[in-house]
Amino acid sequence: MRVTAFLTDSTLCIGCKACEVACKEWNEVPDDGFDWSGFSYDNTGSVGHSTWRHVKFVEQAPEAGLGGNDPDLASWTFSSDVCKHCENAGCLEACPTGAIVRTEFGGVFLQPDICNGCGYCVVACPFGVVEKRPGDGRAFKCTFCYDRQKVGLTPACAKACPTESIQFGEIESLRLKAKERVQELHARGMEDATLYDAADSSVGGTHAMFVVRGDPRAYNLPPNPECPTVYLKKAWTSSAVAAALLVGGSLIAFLADRKRPSR
Amino acid sequence: MSNPSPPQDPREERLAEIRREAEREGTVKQRGVRPAGAPFPIASAETGYYGIPLLKEPAWTWQIPLYFFVGGAAGAAAVMGAIANATGADRRLVRDARFIAASGAVLSPALLIADLGRPERFLAMMRVFKPRSPMSMGVWTLLGFSGAASATAFAAFLRGRYGPSLPLRVLENAGEAASLAFGLPFSNYAGVLIGATAIPVWNENAGNLPMHFAASGVGSAVGLLELAGHQKNRALQAIGLGAAIFECWEGYRIESRQLPKLDPLKHGPSGRLVRAGGVLSGPVPLLLRLISGFGKGPRSQNLRRIAGLSAIVGSIITRYAWVQAGHASARDWREPLGNNDKTDG
């Protein structure tokens, strides 16, 4: 079975939100309110239990060649955010029920019939993707359209994207494509174009890569995401030391007390 | 139909002007019109994505911090009870420690299940045994502890009622050994649970949270035993002193480190809670215990009871405070973007 990935190219995104709509329709994701956030044309703010694709509207300081001629008007780029489907997924490692699994396509899939709503994946995700759905109590996130991939179909968001800003395919070829695209953008003068795939972090790379212009932080993409399993050794060592201290301390205290003649 | 004439509007005139400039120069250099409300908030490396938090806040209900407290106290009580029994300490102390452990063994799963919303969901926890998931390890520890601690208390109860017998003695001793084994991780694993997460204030403390939570659990177990009538026991006094000293050191550790990541432990509502919990768990019981050491009468015993009560209240507040600090930490959009280090050298 081939390992797949998303490549989301913000330089091609037109902010139409077709991916959001397609995702909601196919996956029957509940609506997430029709309120504007007040930040550009963003109405959901972030990915969450009811927002599996989220188009970011990144208004940045004016920059020549971006966002029109007016130096007073912000440059404006769009980027469709999604679950990163990490190579070392914090949510998957943390899940105590085995509800979150790695699929044969390399994606991270949360089985809703097994999730018991313990909420541990919510605090284990370094990208703030998984969220508990109020009223339901279970956690939800992007499925990487596992059901569609199973029968050879492209995920709903990628299929609906009118500009091929969201591309879907075999991960190695897509990675190559991403690097070529960045080089192409550089050649065209967009020297701030970069590829974000968290490959150098403990997350070990993602199955959702992003081509963005400028600093990824403006897109709420963390520069150093950490898979929380990196803290396990430290924490369990501390736990073992605490246990040893408790046994040792109690033994000394009770033994010393026994030897006292006054008792 | 006649061709409508263009409206004589200043905006239309402006468009015509721009068009003329474009035709003449090949580009438009004039300034545009400043829209109402400008300048708008921007997304940037410094301001992140409009300052919208990246991380999600913990989704736990109030039952979870209470469960941390109950589990910590029960686990520590089981360990102390088993060691007291092995060293031949007061029988009543052993009995009461077992009772606290068994009560915690019943309460803990109830609290955990209440947080899940639907009781049958707890069964999904028993599908897998997953060493890399602190939540999975914690649930198995809880199950082992619950079984062991309640079996011990039950066997001891039957022995008291119907007299000693071999099967009861085997059950009681095996139960106690298992309570000791499970009680040790049970008294501190909550520290591992929240330490190994993506929440900055928690994972920054991954190396000391288990010890901190263990000391908190020990302090409250000692307090519960003292309130149950063991305010004269010297071993408990010594253990209580040890826990209070550790909590003082933990407080010093938090306050002395100047890291923006630790702000939720010092500032805002969660910071006030952490400090309140810390004072009640550390300095207050430490002082009261030291003062009580000078006397022997009912007054010094009362001081020890107050010290115990203070440690219990402090422990409850501490667990709640750390969860609240996690909320505050998740809301801080700067931290995961690494933007705090620059502003706060």
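Me: What share of the 263 residues in chain A is buried?
Reply: In this predicted model, buried residues make up 53% of the 263 residues in chain A.

Me: And how many helices and strands does chain A have?
Reply: Chain A has seven helices and 10 strands. Its radius of gyration is 23 Å, well over the 18 Å that the globule rule gives for 263 residues, so chain A is more spread out than a compact globule. Along the principal axes, the C-alpha trace of chain A spans about 90 × 45 × 40 Å.

Me: What about contacts in chain A between residues 24 or more positions apart, what percentage are they?
Reply: Counting the contacts in chain A with a separation of 6 or more, 61% are between residues 24 or more positions apart.

Me: OK, nonpolar core next. Which residues have the most contacts inside the largest one?
Reply: The largest nonpolar core has 177 residues, and those with the most contacts inside it are C91(A), C121(A), A77(B) and A221(B). Helix 2 of chain B, residues 63-86, brings the largest share of this core, 15 residues. As a general point, nonpolar side chains tend to be buried together in soluble globular proteins.

Me: What is C121(A) in contact with, leaving aside its neighbours within four places in sequence?
Reply: With those neighbours left aside, C121(A) is in contact with C91(A), A94(A), C95(A), I100(A), V130(A) and A139(A).

Me: One more topic, the backbone: what is the phi of H85(A)?
Reply: H85(A) has a positive phi of about 45°, although it is not a glycine. In general, most residues other than glycine have a negative phi. H85(A) sits in the loop between strand 3 (75-82) and helix 2 of chain A, and it is buried, with 26 other C-beta atoms within 10 Å.

Me: And C145(A), buried or exposed?
Reply: C145(A) is buried, since 25 other C-beta atoms lie within 10 Å. C145(A) is found in the loop between strand 7 (139-140) and helix 4 (146-150) of chain A, and it has a positive phi of about 45° although it is not a glycine.

Definitions and conventions
Residues are numbered from 1 along each chain as its sequence is written. Chains are lettered from A and ligands numbered from 1 in the order in which they are written. This is a predicted model: local features need pLDDT of at least 70, side-chain atom pairs count only at pLDDT 80 or more; totals for chains, interfaces and linings use all residues. Helices (H or I, at least four residues) and strands (E, at least two) are DSSP runs, numbered from the N terminus. The radius of gyration is taken over C-alpha atoms; the globule rule is 2.2 Å times the number of residues to the power 0.38. A residue is buried if 20 or more other C-beta atoms lie within 10 Å of its own, exposed if 12 or fewer, and partly exposed in between; C-beta atoms are placed from the backbone. Two residues are in contact if their C-beta atoms, placed from the backbone, lie within 7 Å. A nonpolar core is a set of buried Ala, Val, Leu, Ile, Met, Phe, Trp, Tyr and Cys residues joined through C-beta atoms within 7 Å.
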